[in-house]
Amino acid sequence: MLYYWLGRGRQGLAQYGQALTWHEKALSIREKVLGKEHPDTATTYNNIGKVYYRQGKYDEALTWHEKALSIRKEVLGEGHPDIAAACNDIGRVYYRQGDYDKALMRYQEALSIRKEVLCAEHPSTAITYNNIGRVYHRQGKYDEALKSYQKGLVIYRKVLGTKHPSTAITYNNIGRVCYRQGEYDEALMWYEKALSIREKVLGKKHPDTAATYNNIGRVYYRQDDYDEALAWYEKALSIREKVLGKKHPGTATTYNNIAFVYGN
């Protein structure tokens with residue numbers, strides 16, 4: 001859902017600032033009344049970390065998430081679901097910082113707990129498989145990424161169904177791996193699966209739908225079908241300019257892709 005929250009612009013940043021103010025008010029009370037080592041205090045630490053993450057302030061986010069994790073491990077024990085959640089949040093920060101080894105370590109720690117405590121077929125377990133797949137993808141370990149995505153997909157299909165947005169995310173991720181491997185027909189098949197869900201569930205004007213239009217356009221471009229590529233890019237651009245604005249990085253990506261088509 002990256003494009004959605006990035007597209008919120010100044011209003012979104014203001015809302016995050018307000019959220020931080022209210023979390024700090026809660027923290028002031030909890031530290032005084034419950035103490036700094038209480039699980040509820042740790043929850044507020046973690047929530048503050050999430051706000052900083054959304055603001056792109058990753059060092060600050062990491063500091064607060066680590067404080068939450070330290071308390072949870074000491075008070076709740078090593079195998080508690082809240083520890084898995086904190087590890088997952090820390091993994092996300094490291095991923096955004098490009099520290100993929102540390103991200104993978106934290107995600108695998110979260111996965112170990114979730115498989116044992118929540119069961120192997122819980123949606124949170126699937127989320128962690130998906131996150132691990134993203135790390136492997138970034139590292140260029142496409143076979144490992146594909147295996148992890150497919151494990152998550154099995155869970156999503158069984159627990160959430162074949163028409164859930166989370167299932168669509170995994171379809172899209174698998175398509176991206178196939179694209180990187182040069183398997184364009186396979187990539188197109190997975191992107192179309194994702195698109196079918198996103199158009200029905202999110203609508204044809206949603207940024208995630210636009211992202212899939214853009215991905216489909218990239219496949220056609222690689223297959224030298226420039227007319228088809230241009231048609232899909234223009235569909236993506238129409239949404240991104242309206243929803244994200246003409247100065248958003250996602251919009252710029254589509255401008256760039258269209259330029260490549262005309263340059264051939």
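# Reading a helical model

Colleague: What share of the 264 residues in the protein is buried?

Modeller: This is a predicted model. Buried residues account for 44% of its 264 residues. A residue is called buried when its relative accessible area is under 20%.

Colleague: Which secondary structure elements does the protein have?

Modeller: Helices: the protein has 13 helices and zero strands. Read along the sequence, the pattern is therefore α-α-α-α-α-α-α-α-α-α-α-α-α.

Colleague: What does the radius of gyration say about the 264 residues?

Modeller: One compares the value with that of a compact globule. For 264 residues such a globule would have a radius of gyration near 18 Å, and the protein has 20 Å, which agrees. The C-alpha trace spans about 65 × 40 × 30 Å along its principal axes.

Colleague: How should I read contacts by their separation in sequence?

Modeller: Take contacts between residues at least 6 apart in sequence; in this protein 56% of them join residues at least 24 apart.

Colleague: What is the accessible surface of the protein, and what part belongs to carbon and sulfur atoms?

Modeller: The surface comes to about 13,300 Å², with 49% belonging to carbon and sulfur atoms.

Colleague: How many salt bridges are there?

Modeller: The rule asks for a side-chain nitrogen of Lys or Arg within 4 Å of a carboxyl oxygen of Asp or Glu. The count is six salt bridges. One of them joins Arg-106 to Glu-66, with the closest N and O atoms 3.7 Å apart. Arg-106 is in helix 6 (residues 100-117) and Glu-66 in helix 4 (residues 58-76), so this pair ties together parts 40 residues apart in sequence.

Colleague: Is Arg-106 buried or exposed?

Modeller: Arg-106 is buried, at a relative accessible area of 12%.

Colleague: Which residue meets Glu-109 in a salt bridge?

Modeller: Lys-73 does, at 3.1 Å from N to O. Glu-109 lies in helix 6 and Lys-73 in helix 4, so the pair links parts 36 residues apart in sequence. Both count as partly exposed: Glu-109 at 23% relative accessibility and Lys-73 at 26%.

Colleague: Where do Asp-89 and Arg-92 lie?

Modeller: They are three residues apart in helix 5 (residues 81-96), a separation of about one helical turn. Asp-89 forms a salt bridge with Arg-92, the closest N and O atoms being 3.9 Å apart. Asp-89 is buried, with a relative accessible area of 7%.

Technical notes. Residues are numbered from 1 along each chain as its sequence is written. This is a predicted model: local features need pLDDT of at least 70, side-chain atom pairs count only at pLDDT 80 or more; totals for chains, interfaces and linings use all residues. Side-chain values use heavy atoms; hydrogens and water are left out. Helices (H or I, at least four residues) and strands (E, at least two) are DSSP runs, numbered from the N terminus. The radius of gyration is taken over C-alpha atoms; the globule rule is 2.2 Å times the number of residues to the power 0.38. Buried means under 20% relative accessible area, exposed over 50%, partly exposed in between (1.4 Å probe, protein chains only). Contact means heavy atoms within 4.5 Å. Accessible areas come from the Shrake-Rupley method with a 1.4 Å probe; for residues, only the protein chains shown count as cover.
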